[in-house]
Amino acid sequence: MKPAPFEYFAPLELQEALDLLERYGDEAKILAGGQSLMPLMNLRLARPGLIIDINRLSSLDTITATPEGGLTIGALTRQRALERSKIVQEQNPILAAAMPLIGHFQIRNRGTIGGSLVHADPAAELPAVSLLLGAEFLLRSKSAVRVVPAAEFFLSYLTTAIRPAELLTEIRLPKWPSGEAWAVQEIARRKGDFALIGVALRAELDGEETVQKAVIVMFGVDSKPLRMERAEAVLKGRRISEAFLRELSGVVAEELEPDSDIHASAAYRKEVGGVLVRRALESALAKVKETRT
Ligand SMILES: Cc1cc2nc3c(=O)[nH]c(=O)nc-3n(C[C@H](O)[C@H](O)[C@H](O)COP(=O)(O)OP(=O)(O)OC[C@H]3O[C@@H](n4cnc5c(N)ncnc54)[C@H](O)[C@@H]3O)c2cc1C
């Protein structure tokens with residue numbers, strides 16, 4: 001399989017990349033890790049006239065702790081680098097834990113955080129986790145810079161709020177509060193496959209294991225990462241018990257309205273979604289108990 005012919009630019013400076021985007025707009029495509037773009041081009045599902053390869057922009061390959069305790073991550077940071085980063089493991093454990101769920105390590109060696117976010121596959125881990133974390137995305141064009149929260153960035157299947165002349169340059173994550181319960185889990189047919197269904201969740205608990213606040217984001221169930229607002233409301237103020245977890249599974253299954261596709265039926269995703277959230281919450285709770293003992 002070969003892509004349709006295209007022109008190729010490999011800028012050495014960010015400004016040069018922004019100039020090219022300004023000049024060519026819709027005709028151009030950014031090449032980051034190429035793990036989604038190249039298959040699409042080889043299948044001729046994408047036929048950009050021009051490729052802007054950003055792999056030489058080392059200023060976008062950075063992981064920095066902010067003075068406020070958050071993280072600033074350059075869009076070109078490889079997924080494998082996030083997985084192995086001590087700063088990420090210590091300051092944002094759920095982000096580090098999500099990484100090994102993405103494909104295989106060969107994919108993560110090339111695939112970037114920015115590429116995954118802009119590609120916006122609804123079954124991908126990073127869009128869901130960034131929504132859970134309240135991430136913000138810095139989008140730069142030649143003449144402007146804007147910051148878009150994750151909640152406004154993902155619009156639909158493979159569609160985001162990024163404009164043709166914009167480059168995602170930076171991902172900002174707020175401080176991760178210590179002591180929160182969290183988990184990220186998914187069901188995939190084989191290790192390394194995209195998730196049939198997945199969940200990332202976090203919960204603030206008091207000393208009695210009563211939930212003060214919870215955020216649940218599911219992936220692989222809708223055209224974009226999905227906040228489970230009804231289930232979150234049901235969790236608030238409740239103590240986690242076996243009976244309550246069964247009730248929660250039912251609430252999640254009820255709230256989900258997935259489509260059927262060649263990978264799984266809607267009925268399967270509803271049923272398994274309920275079970276997955278229950279398991280994720282159990283594992284989140286177990287981790288908190290472990291750190292308290
Ligand atoms: C076999 C296989 C299995 C996989 N399994 C998974 C999986 O389980 N979970 C998962 O999440 N992903 C999976 N992936 C996809 C992988 O994570 C990709 O790395 C990711 O989707 C795209 O990142 P990339 O850096 O390769 O981007 P590219 O493929 O280079 O680009 C993807 C898109 O984003 C645009 N883009 C890239 N960077 C920027 C930027 N900074 N600013 C603006 N636009 C930009 C490109 O123009 C293109 O439209 C898999 C891929 C393969 C081949």
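A120 lies in the loop between α7 and α8, where helices (H or I, at least four residues) and strands (E, at least two) are DSSP runs numbered from the N terminus. The structure is a predicted model, in which local features need pLDDT of at least 70 and side-chain atom pairs count only at pLDDT 80 or more, while totals for chains, interfaces and linings use all residues. Residues are numbered from 1 along each chain as its sequence is written.

The phi angle of A120 is near 55 degrees, a positive value in a residue other than glycine. Most residues other than glycine have a negative phi. A120 is buried, with 23 other C-beta atoms within 10 Å; a residue counts as buried if 20 or more other C-beta atoms, placed from the backbone, lie within 10 Å of its own, as exposed if 12 or fewer do, and as partly exposed in between. L158 likewise is not a glycine and has a positive phi of about 55 degrees. L158 is found in the loop between β8 (154-156) and β9 (159-160), and is partly exposed, with 15 other C-beta atoms within 10 Å.

The surroundings of the ligand were examined next. The ligand is surrounded by 30 residues, of which G33, G103, G111, G115 and A124 are the closest; a residue is near a molecule or strand if its C-beta atom, placed from the backbone, lies within 6 Å of it. Two or more residues of this shell are given by each of β2 (28-31), α2 (37-42), α6 (105-110), α7 (113-119), α8 (125-133) and β10 (167-173). The largest share, 5 residues, comes from α7. By type, the shell divides into 15 nonpolar, 11 polar and 4 charged residues. Here Ala, Val, Leu, Ile, Met, Phe, Trp, Tyr, Cys and Pro count as nonpolar, Asp, Glu, Lys and Arg as charged, and the others, Gly among them, as polar. Domain 1 (7-53) and domain 2 (60-173) each contribute at least three residues to the shell, the domain bounds coming from an automatic or database domain assignment.

Strand β2 also belongs to an open sheet of 3 strands, with parallel pairing in the order β1-β3-β2. Two strands pair if DSSP finds at least two bridges between them. The edge strands, β1 (7-9) and β2, each pair on one side only. Between β2 and β3 (residues 50-53), the parallel pairing extends over 4 bridges, and K29 stands opposite I51 in β3.
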